Amino acid sequence: MNATSSRPAGTPDQAAPGRVVLLTTSHRVAPGLLSWPAWQALRDADRVLCADGAHPQLPYLREAGIAVDEAAPTAEELVDACAGGRTVVVVATGEGEPALTDGLARLAGSGRVRMPELELLPASYDLPGARLLDLVQVMDRLREECPWTSRKTHEGLAKYAIEEAYELVEAIEDGDRDELREELGDVLLQVVFHARIAEEDPQDPFSVDDVAGGIVAKLIHRHPHVFGDATATTPEEVKEHWVRTKAEEKQRTSVTEGVPLHQPGLALAAKLASRVRTAGLDVPLPASEGIGYELLALAARAEAEGTDPEAALRAAARAYRDAIVAHEERIRSTP
C-alpha cells in the first residue's frame, strides 16, 4: 500500500505543491461578467488574493460570496500559501502582476523550490474594437481637465478634420503602413472629439454611441443583400442597392443635393459628373471659355474613365516636385 492510499478522502496531501491561478480580467468588459471556468476556479480556491483594493471586480466577487483578501504576496509567500495542495487564485491588477510572475519564474529557474502548478486563466476577453472604449475614456478626461481640449468647439476643430483627412490620403498614396495606422487614429480622434463636444449641447445633445448607432443602422439598411433578403453578386449590383436605398431615405429633389460645395474644385466637378452619370441624366457641360471650364471638362472626362482627378493631379504634382528638387540639386552640385 502506498502512502497516498492510506489518507482519508478529502484530506490534503501535505507534500503536494498546490496550484496558483493568475486570473486576468479586462476593464473593457462590465465587472462581474466572468467566464464559467473563472467562477469555478474562484469558488474552488482555498484562498483568493488581490493586491488592488479598488479592483472593479472585488464588489461583484464578494457579492457572489467569494472571500477576497487584499494582499500582495511575494513569490515565496505565494508558494508557501500553496503548500499542502492548496489552490490560491490571484486576481491580477491592470498591470498583470509582473513583479509576482517574474519572482515565480526566478524561483522555478533556481531548481531549489518545488513549485506549485501555475495557470494563467483569462476571466474575460476584449472583443474586437474594445480599445475604442479607452479612447472614449481618455477623451472624457481631456475634455474635463485639459485647458486646450476643454475649450474647443465644432467650428474650431473643423480645419483639423480636413487636415487629418488629407494626411490620411497622403499616407495611403505613399504606401506607408506606419503612417497609415497613425493617420487613421488622428481621423478617429476627430470623430470622438466632435462627439464628445456634442454631448454638451444644451438643445440637441448626442454621444459617440449615437454616432456609432446611426452608422450601424445605415450600413445595415443599405446592405439588404447582407442583412436582408436581397441578392447582389457584383459590385455594380451592390452600388445599385446603395444608391436606390439612399434615394429612398433622403427623398431628394435634385442629384446635386448632399454634394459639399466647399470641397476641392476637381473633386467637386468629378462628384457632380458622377451624380449625373449614375442618375442617367444627359446634361451637357457648360459651353464657355476659360481655364475653369477646361478643368471641369477634364474632371468630367476623368470621372467617366474611372480616374480620380484629384489623385491624378496630386500624382502629377508630386512628379513635378521631384523634378524641382532634382533641378535644385543639380544647381547646387554645379561648380
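Modeller: Helices here are DSSP runs of H or I with at least four residues, strands are runs of E with at least two, and both are numbered from the N terminus. I220 is found in helix α8. Keep in mind that this is a predicted model: local features need pLDDT of at least 70, side-chain atom pairs count only at pLDDT 80 or more, and totals for chains, interfaces and linings use all residues. Residues are numbered from 1 along each chain as its sequence is written, and side-chain values use heavy atoms, leaving out hydrogens and water.

Biologist: Okay, why is I220 called partly exposed?

Modeller: Its relative accessible area is 38%. Buried means under 20% and exposed over 50%, with partly exposed in between (1.4 Å probe, protein chains only), so I220 at 38% is partly exposed.

Biologist: What makes I215, V216, L219, I220, V226 and F227 a nonpolar patch?

Modeller: Patch members need over 30% relative accessible area and no salt bridge, with nonpolar side chains (Val, Leu, Ile, Met, Phe, Trp, Tyr) joined within 5 Å and like charges within 9 Å. A salt bridge would be a side-chain nitrogen of Lys or Arg within 4 Å of a carboxyl oxygen of Asp or Glu. Together the six expose about 520 Å², by the Shrake-Rupley method with a 1.4 Å probe, only the protein chains shown counting as cover. Helix α8 (208–221) and α9 (224–227) each give two or more residues, and α8 gives the most, four.

Biologist: How do you know that β1 and β4 pair?

Modeller: Two strands pair if DSSP finds at least two bridges between them, and five join β1 (residues 19–24) to β4 (residues 87–91), running parallel. V20 sits opposite V88, and V21 has V89 as its bridge partner. On to β5: six bridges join β1 to it, again parallel, with L22 opposite L120.

Biologist: Why are β3 and β5 the edges?

Modeller: The open sheet runs β3-β2-β4-β1-β5. β3 (68–70) and β5 (117–122) each have a single partner strand, so one side of each lacks a neighbour in the sheet.

Biologist: What makes the W148 and Y160 pair edge-to-face?

Modeller: Rings of Phe, Tyr and Trp (its six-membered ring) pair if their centres lie within 6.5 Å; planes under 30 degrees apart are stacked, over 60 edge-to-face, the rest tilted. These centres are 6.3 Å apart and the planes stand at 70°, so both conditions hold and the pair is edge-to-face. W148 lies in the loop between α5 (131–145) and α6 (154–174), and Y160 in helix α6, twelve residues apart. W148, Y160 and F193 form one aromatic cluster.
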